[in-house]
Amino acid sequence: MSWLGPGTADEVTVPDVVGLIVTEARKVAWEAGVVIAPSDPDGPPVGALTWPGVWVVTAQSPAPGSRMRRLGSLVIEFREVQVPDGTPPAP
């Protein structure tokens, strides 16, 4: 469930973060004016769920191009990427 953001906030366009590494998705979302969040609002934050390792975003809600209020929650799903030599894959 997404939190749409403060009721008085202006609207922003939701970016497409699917396929990005979670750390990069966080930057892209923040620059667009939204905050990434896990699907369970009562669970741990994304940072705790994706440390350590390299994690990639597999789904998001709301969809890219949607409009929502600034600082609303962009809910993501993610999975760990296995990197044999320890270096993260290129974004």
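Visitor: In this predicted model, is Arg67 buried, partly exposed or exposed?
Guide: Buried would need under 20% relative accessible area, and exposed over 50%. Arg67 has 49% relative accessibility. Arg67 therefore counts as partly exposed.

Visitor: Which residue forms a salt bridge with Arg67?
Guide: The closest N and O atoms of the pair are 3.6 Å apart, and a salt bridge is counted within 4 Å. The partner is in strand β1, while Arg67 is in strand β4, 56 residues apart.

Visitor: In what order do the elements of the chain run?
Guide: The chain has two helices and five strands. Read from the N terminus on, the order is β-α-β-α-β-β-β.

Visitor: Where do the buried residues of α1 lie, seen down the axis of the helix?
Guide: Helix α1 covers residues 22–32, and Val22, Ala25 and Ala29 are buried in it. Their directions fall within an arc of 50°, so these residues line one face of the helix. An α-helix has 3.6 residues a turn, so residues three or four places apart point the same way. The place asked for is one face of α1.

Visitor: Which elements do the buried residues of α1 pack against?
Guide: Thr23, Lys27, Trp30 and Glu31 are exposed on the other side of α1. The packing is made by the buried residues, and their partners are β2 (35–37), α2 (46–49), β3 (54–61) and β5 (73–81).

Visitor: Which residues form a nonpolar patch on the surface?
Guide: One member lies in helix α1 and counts as exposed at 56% relative accessibility. Together the patch has about 290 Å² of accessible area. The members are Trp30, Val35 and Leu71.

Visitor: Which backbone atoms lie close to the side chain of Gln60?
Guide: Gln60 is in strand β3 and counts as buried at 14% relative accessibility. Its contacts, leaving out residues up to four places away in sequence, include Asp16, Leu74 and Ile76. The side chain of Gln60 has a polar atom 2.9 Å from the backbone oxygen of Pro15, and it reaches at 2.8 Å the backbone nitrogen of Val17.

Visitor: Which backbone oxygen does the side chain of Thr50 reach?
Guide: Thr50 is in the loop between α2 and β3, and it is buried, with a relative accessible area of 9%. Leaving aside neighbours within four places in sequence, Thr50 is in contact with Val22, Trp55 and Phe78. The side chain of Thr50 reaches, at 2.8 Å, the backbone oxygen of Val46.

Visitor: What share of the residues of the chain count as buried?
Guide: The chain exposes about 5600 Å², and carbon and sulfur atoms supply 58% of that area. A residue is buried under 20% relative accessible area. Of the 91 residues of the chain, the buried share is 32%.

Definitions and conventions:
Residues numbered from 1 in each chain as written. Predicted model: local features only at pLDDT ≥ 70, side-chain atom pairs only at ≥ 80, totals over all residues. Heavy atoms only, no water. Buried < 20%, exposed > 50% of the residue type's maximum accessible area, 1.4 Å probe, protein only. Helix = DSSP H or I, 4+ residues; strand = E, 2+ residues; numbered from the N terminus. Arc of directions from axis to C-beta. Contact = heavy atoms within 4.5 Å. Polar contact = N/O pair within 3.5 Å; in protein donor to acceptor, adjacent residues only side chain to side chain. Patch = residues over 30% accessible without salt bridge, like charges linked within 9 Å, V, L, I, M, F, W, Y side chains within 5 Å. Areas by Shrake-Rupley, 256 points an atom, 1.4 Å probe, with all protein chains shown as cover. Salt bridge = Lys/Arg side-chain N within 4 Å of Asp/Glu carboxyl O.
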